[in-house]
Amino acid sequence: MKKMENQGSLKRCRVKDNFWTPIQELISDTVIPYQEKILNDKVPGAEKSHAIENFRIAAGESQGEFYGTVFQDSDVAKWLEAVAYSLERKPDEKLEARADAVIDLIEKAQQPDGYLNTYFTIKEPEHRWQNLQECHELYCAGHMMEAAVAYYQATGKDKLLKVMCRMADHIDARFGEGKQEGIPGHEEIELALLRLYRATGEKRYLDLSAYFINQRGKNPHFFEEESAKRGWTHFGMDPKDTEYNQSYAPVRDQREAVGHSVRAMYLYTAMADLAAETGDKSLYTACRVLFESATHRRMYVTGGIGSSAHGEAFTQDYDLPNDTAYAETCAAIGLVFFARKMLSLEVKGEYADVMERCLYNGILSGMQKDGSRFFYVNPLEVIPGLSGKWPEYKHALPARPKWYACACCPPNLARLVESLGEYAWGENDTTIYSHLYLGGSYTSADGTVVKSQSSYPWKGKVSYEVKPGTSFTTLAIHIPGWCKEFTITVNEDEIALPVKDGYCYLTRDWKDGDKVTLSFSVKPRRVYADPRVREDAGKVCLMRGPLVYCLEAVDNGKNLCRLLLPRSVSIVTAHEKDEDIGSYVSLRFTGLKEKSFKHLYQDQPPETEPVPVKAIPYFLWGNRKQGEMRVWINEG
């Protein structure tokens, strides 16, 4: 099969608008330095990281014991990748010098045979490569490979790239056809090897990625056999649970998104990327089926996936509890990765819709407005006295912590936001695709420059000014699935265009300075869940544009479950500014509040009284006074 579209190069993308630019500036100016301090254990009151110190010890520059999770190295890798994207967007000599110093440490920590992993170098060198199921050596290697490619592309410096090529060669010498059988317990290296292949042109890395993908599930008993052979365990994970790590069947035979949601997304992303690279139709078909499973039946309205805290995993179709939701930030990020690769296989609006849903809701909610605290779990309902306290609610915290012992989400969020331009634009020989409404500019391979101005998501207006290159003929603009009416003008003349698979294709003889304007309504709307989602029966979710809204006690008082939104009531918008959450658009309506009973049960329905109700964008919740929160509202 033919690749439909190529993901936009970050070097040719520039983001400049009133929504995303401040967030990217927050990442570069606040989040990256904050996370650097965390990795060096310099933030009082935060969970200890010790990640940089682990590299110092492994490099022989310090004495001590390894500290942290077995995959602690990956936090450093994702931070370095975020740094690379930040330097691409905003050069900073001091930050680059500090990153270079970390890379020097990583190089010194690498073993003579190319092996790189501080846990096993410091703590258990005799157990290298014995526990692929639990110990994440391949996962850590994958994240460091991604960082190496990003840093090389941003700065031109290849020290880390060479380090990770040596590690990739070490892995390739050990695993593969005719060598030792092996697959990662936590997928990641598959997609990283594809990036390393494109950066270096070394086909062995492409072949190794394909091996890990194609090998998964061929022997469903692999981890069970590995466990019996080594005779020791790290986490005590069940090697017979083949759904948990997606090894229950060969990847082309898998039909449902199951198991650990982040692992699943990283695997599916790699599968889609490999299908696009090689033209493998059977792999594409499997990706399509798995995408539908994850997003049509197992995704929250916020774009969150993985509904169970037990194993951070998918459960079954339509099981989407709100107050015990897991919806890990990394899982929503992984879903963006997957959706973006699917766009390269077939340009369909539903993939861009999923990216948009995740980015504006279940991902941004993972970070405090000031960039200093983070959610790992993104619940859709928080109940004071239960959330974060009782065992079944312990994971659903009512406030964002400074850091985590398992800290995969904060640097993952940073690297995604800094590389956002890659997800907004794409191209092929004649067409430039606008997948997300970001202001800024994109320069295509043929020299076409498209400058965009966007007031999204607060207003429904995006404009494009075109300076055509040598082969450009078509501008393809994504029309979100929720958008039912829109107008397109070219140089102020309105034109009628059909929507094909979620995109309007504007083909013309372009002149320098041609301007295209897309206008549409972002009025509030009511969204309902499939009746098979039992937790949302009789409830409604409010959205405006791409934004999911929620109620907080700070605006509406306690017992949000007693509030009703009558079907006949209109919802109005209000432009507001708050010292904690800045400028935003709220939704307001007159609701009904059920009065409490005198006794626990009675024969008559509760009486109601009218009350003013205010909803704010979900991504902003938890930034003010701690209290109750609710996305789904009772409708009456």
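A polar contact is a pair of N or O atoms within 3.5 Å; within protein, one must be able to donate a hydrogen and the other to accept it, and residues adjacent in sequence count only if both atoms are side-chain atoms. This is a predicted model, in which local features need pLDDT of at least 70 and side-chain atom pairs count only at pLDDT 80 or more, while totals for chains, interfaces and linings use all residues. Residues are numbered from 1 along each chain as its sequence is written, and side-chain values use heavy atoms, without hydrogens and water.

Q: What makes the approach of asparagine 634 to cysteine 561 a polar contact?
A: A polar atom of the asparagine 634 side chain lies 2.7 Å from the backbone oxygen of cysteine 561, and the limit is 3.5 Å.

Q: Why is asparagine 634 called buried?
A: Its relative accessible area is 16%, and buried means under 20% (exposed is over 50%, partly exposed in between; 1.4 Å probe, protein chains only).

Q: Why is the pair of phenylalanine 71 and tyrosine 139 called edge-to-face?
A: Rings of Phe, Tyr and Trp (its six-membered ring) pair if their centres lie within 6.5 Å; planes under 30 degrees apart are stacked, over 60 edge-to-face, the rest tilted. Here the centres are 6.3 Å apart and the planes at 85°, so the pair is edge-to-face. Both residues are buried.

Q: What makes tryptophan 482 and phenylalanine 520 an edge-to-face pair?
A: The centres are 5.9 Å apart, with 70° between the planes. Both tryptophan 482 and phenylalanine 520 are buried.
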